Amino acid sequence: DTEGLLRIKEENQKHYRRAQRHQEKKEKIQKHNRKLGDLVEKKTYDLKTQYEHLANLRRSHILELTSVIFPIEEVKTSMRDPADVSSESDNAMTSSTVSKLAEARRTTYLSGRWVCDDHNGDTSISITGPWIILPNNGDYSAYYNWVEEKKTTQGPDMEHNNPAHTISAALCYATQLVNTLSLILDVNLPKKLCNRQVKTQQGNHEFCGENLSRHRFTRAVKKLNANILHLCFSQHVNLDLLHPLHTLRNLMYLVSPDTENLGR
């Protein structure tokens, strides 16, 4: 029993010395982990600082781009509310009739269906200048109506103020701006739209080349609107301000100096 007790004491001493070594290793590992934690925290702070600096650079480049090359502004129209005009001519008009007229004013017949649009008739949105505007309600039917009319009408086009020309130019500038914004913001666009002055396998670049058919035109507009909404989502633009048909208005909200997360 005495010999067994001595053997057990020796084994216990070995285990004790081994436990001390493990404790020392544990303390070294914990110390190393603390150092790594401090380093990671410092690197994370540096990375966040660099992201903020990069966001500020992107923001300044975008604001400079949209103030010098691609200014986007609201263009007020002189159209008066029919409810106001009618009420002036008929003082006996009931409030229900006035409200119905106001509701009709906010409704647009677009692509075979009625669409509610609170901004209908109030403003248009211009890009690169007040003479290049898009209808605020997203109704670009003047373009393909003009194209269909050109197919049946012979002779040169002398209507330089045709709204189809301004619509085509505005959409082309919007495409150029969106593609440039995607490069500055480093955001991949879901839809591919070409705005180069060269021939591609699919034909000329969208909007500023040959006259597009109604199907090709509406498809290109949908792709452009999808890209704009994707950029707005990536920059956390207030969703209440966006409308899927308002091409330039959505762009205006995206590049506004009031957009807090622009450049993220």
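Which residues are buried in α1? They are G4, A55, R58, R59, I62, L65 and T66, where buried means under 20% relative accessible area, exposed over 50% and partly exposed in between (1.4 Å probe, protein chains only).

## About the model

This is a predicted model, in which local features need pLDDT of at least 70, side-chain atom pairs count only at pLDDT 80 or more, and totals for chains, interfaces and linings use all residues. Residues are numbered from 1 along each chain as its sequence is written, and side-chain values use heavy atoms, leaving out hydrogens and water.

## Helix α1

Helices (H or I, at least four residues) and strands (E, at least two) are DSSP runs, numbered from the N terminus. With 67 residues, α1 spans 97 Å from its first C-alpha to its last, close to the 99 Å expected at 1.5 Å a residue; that expectation is 1.5 Å times one less than the number of residues. Its buried residues pack against β1 and α5, with contact meaning heavy atoms within 4.5 Å.

## Two aromatic pairs

The structure has two aromatic pairs. Rings of Phe, Tyr and Trp (its six-membered ring) pair if their centres lie within 6.5 Å; planes under 30 degrees apart count as stacked, over 60 as edge-to-face and the rest as tilted.

F70 and Y173 are edge-to-face because their ring centres are 6.4 Å apart and their planes are at 65°. F70 sits in the loop between α1 (2-68) and β1 (72-76), and Y173 in helix α5 (residues 163-185), 103 residues apart. F70 is buried at 7% relative accessible area, whereas Y173 is partly exposed at 30%.

Y143 and F217 are stacked, 4.3 Å centre to centre with 15° between the planes. Y143 belongs to helix α4 (residues 141-152) and F217 to helix α6 (residues 214-234), so this pair ties together parts 74 residues apart in sequence.
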